[in-house]
Amino acid sequence: MIVVAGEALVDMVPVGEDELAPLAPKLGGGPYNVAVALGRLDVPTAFLSRVSTDHFGEQLVKRLHGSNVTTELVQRGPENTTLAVVGLADDGSARYAFYVDGTADRLVEDPGPLPEQAKAVSFGTLSLVLEPGASVYETVLRRESKRLLTALDPNIRAGLIDDPGAYRARFRSWLPDVGLLKLSVEDAQWLAEEDDVIEIARTWISQGPAAVVLTKGGDGLSVITATGQVDVPPVKVDVVDTIGAGDTVQGALLAWLHDHDSLSAEKIRGLSDEEWTTALTYAGAAAAITCSRAGAEPPFASELTAALGG
């Protein structure tokens with residue numbers, strides 16, 4: 001099993017091109033999207049979060065079940081569901097305004113040790129910023145890193161980070177407990193306050209992660225390890241929007257590692273360039289499918305197999 005820990009929310013996505021176009025609710029949240037992607041790729045997956053009992057919360061749980069994700073670790077509460085109002089640029093990239101005060105996912109409680117069958121746990125996005133939940137997830141990260149592969153996608157939402165310096169320091173403190181780090185080029189530059197992302201990644205690897213995977217939008221994907229770098233080109237697709245694309249990369253990459261018995265930092269360090277090329281191609285193809293449709297809709301295994309010519 002892979003456990004995905006973090007928030008579930010609702011993206012309010014514009015329908016149409018008018019400046020004040022109507023907004024349609026789309027279920028999402030970075031960790032939630034990762035869990036959905038994993039479940040749809042036939043990987044045993046559990047979601048760890050606190051989800052509202054409101055209408056949106058009911059739909060979030062229903063979609064987890066429909067995506068083959070178990071909810072034994074999902075806590076429920078009467079607080080509202082977090083909302084993210086999305087604005088789309090001409091290229092389909094998204095910007096967000098968040099409504100997070102007093103919402104359910106911020107009030108998650110420590111579940112204690114994760115189930116024995118868990119082999120990896122993934123963290124990221126708002127859940128590592130907004131207290132009191134951020135400290136809870138940090139506790140789980142540090143505790144479980146002693147026996148599981150820990151994966152992190154910080155997925156920076158700078159508008160919600162009141163003290164960037166403190167958050168950057170906190171991020172660096174996590175690195176010894178992170179086995180796999182995945183993030184966008186823009187997030188890497190924001191976190192390091194530098195432009196040379198390859199050098200940034202090499203510095204971070206020296207502090208803990210077995211590999212750093214970089215998403216580069218229209219320039220594809222790269223992985224940096226202690227022994228080198230592998231790049232794969234982007235998959236060409238008609239982009240509807242990019243919501244959930246990076247989350248799909250995270251989910252699909254973990255799915256590939258699961259399917260190839262590589263869910264440990266030691267095994268990740270042992271992957272060859274050819275294996276990394278295959279893994280990144282798999283993740284990039286999954287993200288391309290997500291970009292081809294509105295909202296965060298990761299592919300099911302049969303869709304991805306067809307896209308890869310299988």
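Seven elements are named here as giving at least two residues each to the lining of the largest pocket: β2 (9-14), α1, β8 (94-99), β11 (180-184), α5 (185-192), α7 and α9 (273-291). This is a predicted model, so local features need pLDDT of at least 70 and side-chain atom pairs count only at pLDDT 80 or more, while totals for chains, interfaces and linings use all residues. Residues are numbered from 1 along each chain as its sequence is written, and side-chain values use heavy atoms, with hydrogens and water left out.

**The largest pocket**
- A pocket is an open set of points on a 1 Å grid over the protein atoms alone, with protein on both sides within 12 Å along at least five of seven lines, and its lining residues have an atom within 4 Å of a point.
- The volume of the largest pocket is about 1300 Å³, where volume is the space filled by probe spheres set on the points, joined across faces, edges and corners.
- Of its 49 lining residues, Thr215, Gly217, Thr242, Ala245 and Gly246 are the closest to the centre.
- That lining divides into 22 nonpolar, 16 polar and eleven charged residues; nonpolar covers Ala, Val, Leu, Ile, Met, Phe, Trp, Tyr, Cys and Pro, charged covers Asp, Glu, Lys and Arg, and the others, Gly among them, are polar.

**Cavities**
- A cavity is a set of grid points where a 1.4 Å probe fits but cannot get out.
- Three cavities of 30 Å³ or more are counted, and the largest cavity holds about 50 Å³ of space.
- The elements giving two or more residues to the lining of the largest cavity are α1 (30-40), β9 (120-124) and α7 (245-259); helices (H or I, at least four residues) and strands (E, at least two) are DSSP runs numbered from the N terminus.
- Four nonpolar, five polar and two charged residues make up this lining.

**Helices α3 and α4**
- Helix α3 (residues 133-144) packs against helix α4 (residues 164-174) at an angle of about 20°, with axes 11 Å apart; axes are lines fitted to C-alpha atoms over the stretch in contact, and angles run from 0 to 180 degrees between N-to-C directions.
- The two helices are therefore roughly parallel, a term for angles under 35 degrees.
- Ala134, Ser135, Glu138, Leu141 and Arg142 of α3 meet Arg170, Ser173 and Trp174 of α4, contact meaning heavy atoms within 4.5 Å.

**Gln75**
- Gln75 lies in strand β6 (residues 74-77).
- Gln75 is buried, with a relative accessible area of 17%; buried means under 20% (1.4 Å probe, protein chains only).
- Leaving out residues up to four places away in sequence, Gln75 touches Leu48, Ser49, Arg50, Val51, Leu107, Val108 and Glu109.

Technical notes. Buried means under 20% relative accessible area, exposed over 50%, partly exposed in between (1.4 Å probe, protein chains only). Angles under 35 degrees count as roughly parallel, over 145 as roughly antiparallel, 65 to 115 as roughly perpendicular and the rest as oblique.
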